[in-house]
Amino acid sequence: LVEVGGVNRYRCSAQYFIDKGFRHPFMLIEELTHELIAAEKRASEKVIRTMSHEVNNTLGSINSNLSVLLSLEDNFPEALRPDIVRALHISVERSDNLCRLVSAFADIVKLPPPKLAPVALNKLVQNTMTLMHSSFEKAGIRYLQEFDEISPVVMMDAVQMEQVLINIVKNSLEATEPGGRITVVTRNDPPSLIVRDTGHGIPEEIRGRIFTPFFSGKPGGQGIGLMLVREILSNHRFSFGLETVAEGRTEFSIDFRRRPIA
């Protein structure tokens, strides 16, 4: 089983057949990427739906009780009132954070099919990167772009693809030290996009798991960003991959030639 680009999986086997007494070897390569992604998606959808149902029911009761307690603030002992109220507000805040986290997972399950329309890739990238200008300045990272003179025009859902680009670049920002560079490259032949960073690269031990649902190589990460990216690009039937191609250079590449339906 061979993994390429963190997401593509191939089963390779050496076999042979005998013809007229002679042995003829050959290699058989089977792509398993889409079968494995589909299986992972079915499993993760079941987990997310169950988790969402149970967590939301529990949090509904907890928030209701917290609201009642906050409405009784005047009945708390005066000396302890500030501490009790502060503790209740912290509990409400953490409950809301958990609700948002569960909602983020649920949104991936309920992701609508892409609404395809012709989109000029260079313009989409430029508009999206303008929105992220402050993130680059805050991180102390330089943004560069290498656009093809002839902008690729791709059938895609512009709103979803903007989310893909934002998540990819955020991932690069988190992996790159201040003073580093992130470069977005567009190519017309074939229509493609590359986000290249000078970060610390992908550790060998997690290379085959970076697109696995709920997995994150970052402390405190929930594994939502690349999970969303994978779902959107798979629904568009675009090929993609994330790998460290050289020391100090990691690339997320997208090929916009739509794969045929299996």
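**A spread-out chain, its core and its salt bridges**

R249 has a relative accessibility of 36% and so counts as partly exposed; buried stands for under 20% relative accessible area, exposed for over 50%, and partly exposed for what lies in between, with a 1.4 Å probe and protein chains only. The model is a predicted one, in which local features need pLDDT of at least 70 and side-chain atom pairs count only at pLDDT 80 or more, whereas totals for chains, interfaces and linings use all residues. Residues are numbered from 1 along each chain as its sequence is written, and side-chain values use heavy atoms, with hydrogens and water left out.

R249 forms a salt bridge with E251, with 3.5 Å between the closest N and O atoms. A salt bridge here is a side-chain nitrogen of Lys or Arg within 4 Å of a carboxyl oxygen of Asp or Glu. E251 also meets R196 in a salt bridge, at 2.8 Å from N to O. This second pair links distant parts of the chain, since R196 is in strand β8 and E251 is in strand β10, 55 residues apart. Helices (H or I, at least four residues) and strands (E, at least two) are DSSP runs, numbered from the N terminus. Side chains of opposite charge can pair when their charged atoms come close.

The structure holds six salt bridges. Another of them joins R11 and E30, whose closest N and O atoms are 3.2 Å apart. R11 lies in strand β2 (residues 8–19) and E30 in strand β3, so this pair ties together parts that are 19 residues apart in sequence. Here both partners are partly exposed, R11 with a relative accessible area of 41% and E30 with 30%.

Strand β3 (residues 22–31) also holds F26. F26, F17 and L28 make a nonpolar surface patch of about 250 Å². Patches are made of residues with over 30% relative accessible area and no salt bridge; like charges are joined within 9 Å, and nonpolar side chains (Val, Leu, Ile, Met, Phe, Trp, Tyr) within 5 Å. F26 itself is partly exposed, at 33% relative accessible area. In the loop between β2 and β3 sits K20, which is exposed with a relative accessible area of 77%. Its phi is near 55 degrees, a positive value in a residue other than glycine.

Nonpolar side chains tend to be buried together in soluble globular proteins. In this model the largest nonpolar core has 38 residues, of which M156, L193, V195, L233, F252, I254 and F256 touch the most other members. Such a core is a set of buried Ala, Val, Leu, Ile, Met, Phe, Trp, Tyr and Cys residues joined through side-chain atoms within 4.5 Å. At least two residues of this core come from each of α3 (121–131), β6 (153–156), α5 (158–175), β7 (181–188), β8 (191–197), α6 (225–236), β9 (239–246) and β10 (249–255). The most, seven residues, come from α5. Leaving aside neighbours within four places in sequence, the contacts of L193 include L121, V125, L165, V184, F252, I254 and F256; contact means heavy atoms within 4.5 Å.

In the loop between β7 and β8 is P190, and a cis peptide bond with omega of about -5 degrees joins D189 to P190. In the loop between α6 and β9 is R237, where phi is near 65 degrees, a positive value in a residue other than glycine. R237 counts as partly exposed at 23% relative accessibility. Most residues other than glycine have a negative phi, and most peptide bonds are trans.

Now the protein as a whole. It has six helices and ten strands. The radius of gyration is 24 Å, well over the 18 Å that the globule rule gives for 262 residues, so the protein is more spread out than a compact globule. This radius is taken over C-alpha atoms, and the rule is 2.2 Å times the number of residues to the power 0.38. The C-alpha trace spans about 95 × 50 × 35 Å along its principal axes. Of the 262 residues, 36% count as buried.

How values were computed:
Accessible areas come from the Shrake-Rupley method with a 1.4 Å probe; for residues, only the protein chains shown count as cover.
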